[in-house]
Amino acid sequence: MSDTIEKIKCLIIGSGPAGYTAAIYAARANMNPVVYQGMQPGGQLTTTNEVENWPGNPEGITGPEMMVGLQAQAERFGTDIRDGWATKVDFSGDVHKVWINDAIELHCETVIISTGATAKYLGIASEQHYLQMGGGVSACAVCDGFFYRNQEVVIVGAGDSACEEAHYLSKLCKKVTMLVRSEKFRASRIMEERVRKTENIHILMNHDTVEVLGDEQVVTGVRALNKTSGETFDIEATGFFVAIGHKPNTDIFKDFITLDETGYIVNTPGSSKTNVEGVFVSGDAADHVYRQAITAAGTGCMAALDAERYLASKE
């Protein structure tokens, strides 16, 4: 550990729309925010080629370009943006202690957690290839479904979120093939019935994904395995959606911050407050419902305003 302890008025852990928006508001309120960008500077959107639902960009914008702009805006108002990630916290006392890279100790008056969540993928090499290429693999139907209008797509998943995303895609796509890896849905009965009643959703129970097919640039199909018969076959598709859940990046907070059963931070309804005074949350670390850039940015604003009011109450 470092012998030097740095005192910080407002620490923002994580970047992305939530962290950068919190930084913009905190900097404009003279809170001297420090942002540690985390292991994926800019968050999940840095892996998204096109963002067409961000207000104010009528022609769309790439995820990386959007994050560069948000970072520049935060820096314009004086935000101190640093490389590194939080590896340990201690919120047991009046001073909020955070360690960066197991080496730098920070004592913070306020902390805004904007660590986000990570989409779960199948881990197949071809899936990861086309995800990195931006050529047809996605974990967000609401974000990317528009690009597959009147096309055929495949979605993997069995829970409520998978059913919601399949139903959403069915309104845009000519055909949606839903691969359920077990013999039954994990979704609620009403969600299962909704997809079963949708004519252009074709459900294949007890099927695995063997490979995502393509021409090295874009997806052209999916090779599936019928786990009952052992038969493999190809499904034509231009898009492959994975809806098997997200993992919130909140493990280091679990000893101090109240989490729900899946690891999302529990905030006070209508605010960004956590169970620890002076510690706030924004973005996907607490949002398992919407998970959109615009909602993350909105909660980043809320967190900065809540932190500002908290500091004012201590004066």
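**View A. Three strands form an open sheet in the order 12-13-14.** The pairing is antiparallel. The model shown is predicted. Strand 12 (207-214) and strand 14 (232-236) are the edge strands. Each has a single partner, so one side of each is left without a neighbour in the sheet. From one strand to the next, the twist averages 30°.

**View B. Strand 12 pairs with strand 13.** Strand 13 covers residues 219-226. The two strands run antiparallel and are joined by seven bridges. Within this pair, T209 stands opposite A224 of strand 13.

**View C. Helix 3 packs on the sheet.** The helix spans residues 125-133. Strand 12 and strand 13 are both touched by helix 3. The direction of helix 3 makes about 45° with that of strand 12.

**View D. Helix 3 has a buried side and a face turned away from that side.** Its buried residues are S126, E127, Y130 and L131. The face turned away from the buried side of helix 3 carries the exposed residues A125 and Q132.

**View F. G134 follows helix 3.** The phi of G134 is positive, near 70°.

Terms used
Residues numbered from 1 in each chain as written. Predicted model: local features only at pLDDT ≥ 70, side-chain atom pairs only at ≥ 80, totals over all residues. Heavy atoms only, no water. Pairing = 2+ DSSP bridges. Helix = DSSP H or I, 4+ residues; strand = E, 2+ residues; numbered from the N terminus. Axes fitted to C-alpha atoms, helices over the stretch in contact; angles between N-to-C directions. Contact = heavy atoms within 4.5 Å. Buried < 20%, exposed > 50% of the residue type's maximum accessible area, 1.4 Å probe, protein only.
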